[in-house]
Amino acid sequence: MALIKDIAKVCKSKNAGPFQLTLDVVFETRAEYDAVAATGVLTPSLFAALYDVDEADVIFTPYPAGLAFKATIPRAIPAGDLGDTDVYGCQQHAPLLEVDIPVNAVAKG
Amino acid sequence: MSGSPSAYRMLSTSGLLGYGFPESSLERGLARGVDMIGVDGGSTDPGPFYLGSGKMLSSKRAMARDLGLMVRAAAKNKVPMVIGTCGGAGGAPHLEQTADIVRTIAREAGLKLRLATIAAEQDKADLHRAHAEGRMARLTAGPDTDPARIDRSERVVAMMGPEPFAAALDNGADIVLAGRSSDPAPWAAMAIRGGQPPAQAWYSGKMLECGATPSVPKGHDCLYVTVDQDSVTLEPTAPERRCTPSSVANHALHENSSPCIHVEPGGVLDTTDCLFEAASDRAVRVSGMHWQPKPYTVKLEGAELVGYRAISICGTRDPLLIATLDRFLGEVRESVATKVGNLGVTPDDYTLIIRRYGQTGVMGASDPLARALPHEVGFVIEVIGPDQDTADAVLSVARVTMLHTDFPGRLCREGNMAFPYSPSDISAGPVYRFSVFQTMAVDDPLSPFPITYEDL
């Protein structure tokens, strides 16, 4: 078992335009990416649960060329609208850091 | 490859005009030979304020520094300088203020240049006609296309494709300053005009619009890109940076809903099958991108005035208060509503938001740790009212109510909040929201974007 914060090379969030938020998890090697993909933990339903959105609204893209998984979700409040907490959307990744992936932890390079 | 046009060479100075770049990086790029230089001028990323207010994102001083180096470099090397989304949001005031900086630079340097400015701000009557003709379409997660949103907007810009840039160059422009543009469009225009295929041209724009961001280490710096019939080769000009297959592949994740499917005016760039190969220890060659033409649409962006904001910043270090914050803030809210009634203000006149840094300030109530009790909590008390005077008056009441409202077990009877500033209240001015965010089908990619020429 391994937490994303201990095995990922990059774990980040950002606006994808003012109405969507996009989350990326990137791994260092193809072997790590394949091992994580094989666990099936990173799915639209995981992101739906972590960010309290409908699963049907999660655009989930495994991106082997970048050794990355991307999930794009609607923003609860558009960027800069009243009550928004994060205009750039760049600090919404923390719940992902704690996701446990059932792989043998490999020391990060 | 006989008969093919020679490779097209472009230099992007940074991720955004006014972010700065090392002069030595520009010189290194120029020394390799370039066919054009440019930089992206803006984005929706900093929020709706800039589009709504007409204010510029970067300071004039920072823009003048970057533009001064770029205009002189373009003139000396006899290559075009092309900038999209001028001034941050690409509306009429942003374009005009950017053009003014360029006019001053050209005059002071004694340069004779032909300047093209391409407007992107849309006439509301034209937009209503497009709506009536059924040419508007909603975007994923975006607002509905109710034309009342157009009327409420301070301004609406359309995002141009490559065609207006190409037209300006065809008419002899040395410098092209454009309003709101698709970020890759200026670069795509130049590479297509240089005889390269649209897939490679659009891909190059996707990389160039962020300057040296596709390289490591990241920084505000220059990127040199070569486009040919099959591929795009990227290399940062600063020797301490390098592009790696991984850094370039991962740039496709940046601010996109998909790393593979990129919808642009007039088509879709598909990077699913891209192959990333090291061309050297600091350059990367990318091939395998595809361009699929589609009916021509442009994205529309509008911003409307919401009201006027006033804020105050304070914090508590009292564990007895932190343990009962929900109830305390509820009482503050009720007490403020009662007190402002004496000032002729009703609760419908204002919005009161109390942000709790240390608990829910960054992620809101959906934060999995929202119920954790930290040893201190920072607050931003925020009031949005119909005018600045009302916002200021309500904030003043809210601030003193936060300071002195009683709570069960209270020992700190002189005050609940530590305020770091005097004055504690800040009038933050007009507040905008994105009101229009949709696509509009157009027959002619040039017609929404009139071009004006002037000889400097």
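**Exercise 1. Find which residue of β14(B) stands opposite B:D270, then place the strands in their sheet.**

Step 1. B:D270 faces B:H290 of β14(B). Strands here are DSSP runs of E, at least two residues, and helices are runs of H or I, at least four, numbered from the N terminus. This is a predicted model: local features need pLDDT of at least 70, side-chain atom pairs count only at pLDDT 80 or more, and totals for chains, interfaces and linings use all residues. Residues are numbered from 1 along each chain as its sequence is written, and side-chain values use heavy atoms, with hydrogens and water left out.

Step 2. Strand β11 (residues 267-270) of chain B runs antiparallel to β14(B), joined by four bridges. Pairing takes at least two DSSP bridges.

Step 3. The open sheet has the order β10-β11-β14 in chain B. β10 (261-264) and β14 (290-293) of chain B are the edges; each has a single partner strand, so one side of each lacks a neighbour in the sheet.

**Exercise 2. State which residues of helix α3 (residues 44-51) of chain A are buried, and what covers them.**

Step 1. A:L46, A:F47, A:A48 and A:Y51 are buried, meaning under 20% relative accessible area with a 1.4 Å probe, protein chains only.

Step 2. The cover includes β3 (20-26), β4 (59-63), β5 (68-74) and α4 (94-97) of chain A. Contact means heavy atoms within 4.5 Å.

Step 3. Just after α3(A), A:D52 has a positive phi of about 55 degrees.

**Exercise 3. List contacts of B:F276 beyond its neighbours within four places in sequence.**

Solution. In chain A, they include A:Y63 and A:A65. In chain B, they include B:Y203, B:P245, B:V248 and B:V286.

Methods. Chains lettered and ligands numbered in written order. Buried < 20%, exposed > 50% of the residue type's maximum accessible area, 1.4 Å probe, protein only.
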